Amino acid sequence: MKKFVALGLSFSLCLTLAGALNAGATEICAGMQGDANRDGFMTCSEAKSFAVERFTAMDRTGDKRLSIDEMETAMANIHKLMDTNGDRQVNVQEYVSYWCGVTPRKMKGSARGNKQPQFQKMDSNRDGKISSGECLALWTVRFHNADENRDGRLTTKEYVQSIIIWFADMDPNRDSLVTMSEWNSYWIGRCK
């Protein structure tokens, strides 16, 4: 556990704030978020589709821009979905299982680079696709970055507060709105 905390402290906040689920969604995805064909990998093409889907789901006003309020609401809804045991807190197993469809054992690889788009950050072996192990490495780090009091659980407040940092990273022109272009630049970048 100490390894995870140490790694979490050394990396900046990272990926697909792969953000919000449709308001009516009630199930946790059995596989990795964004792996549309369920082959165990998320390709660049799947990541692009996933990013558009998440952006659209969070854009409650339909104005093709995300406000911090829209993102906070979406993240609070995701927190509820991740909380599979209903204790109003999310542990690392619930968190990583939600995003990657796997339970953490040992963290292999690492989330590299602070300024890289999230897809490249996750693709640590640079093969153009995200494996469940690569997903696990990034989201474990993100969990520990969001766990402010280091108790191994995320409250809704901690999870939503992590969005403020993500939002600032996604909004380079600082107009307090994230466009689809800014969203894709942050999550996908230029992948093939």
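1. D151 forms a salt bridge with R153, and their closest N and O atoms are 3.4 Å apart. The term salt bridge is used for a side-chain nitrogen of Lys or Arg within 4 Å of a carboxyl oxygen of Asp or Glu. R153 is also partly exposed, with a relative accessible area of 37%.

2. Before going on, please keep in mind that this is a predicted model, in which local features need pLDDT of at least 70 and side-chain atom pairs count only at pLDDT 80 or more, while totals for chains, interfaces and linings use all residues. Residues are numbered from 1 along each chain as its sequence is written, and side-chain values use heavy atoms, leaving out hydrogens and water.

3. The structure holds two salt bridges. Besides the pair described above, the side chains of D63 and R65 meet in a salt bridge, at 3.6 Å from N to O. D63 is partly exposed at 33% relative accessible area, and R65 is partly exposed at 36%.

4. Next, the disulfide, of which the structure holds one; the term means a pair of cysteine sulfur atoms within 2.5 Å. C100 and C135 form this link, with their sulfur atoms 2.1 Å apart. The pair joins distant parts of the chain, 35 residues apart: C100 lies in helix α4 (residues 92-100) and C135 in helix α6 (residues 132-146). Helices are DSSP runs of H or I with at least four residues, numbered from the N terminus. The link is left-handed, with -85° about the S-S bond. C100 is buried, at 2% relative accessible area, and C135 is buried at 1%.

5. Now look at helix α2 (residues 44-58). Its 15 residues should span 21 Å at 1.5 Å a residue, and its end C-alpha atoms are 21 Å apart, which agrees. The expected span is 1.5 Å times one less than the number of residues. The buried residues of α2 are C44, E46, A47, F50, A51, R54, F55, A57 and M58. They cover an arc of only 165° around the axis, so they are on the same side of α2. That arc is taken from the directions from the helix axis to the C-beta atoms.

6. Finally, where is M75? M75 is in helix α3 (residues 68-82). M75 is buried, with a relative accessible area of 0%. Its C-alpha atom is separated by 7.7 Å from that of I163, 88 residues apart along the chain.

Conventions:
Helix = DSSP H or I, 4+ residues; strand = E, 2+ residues; numbered from the N terminus. Buried < 20%, exposed > 50% of the residue type's maximum accessible area, 1.4 Å probe, protein only.
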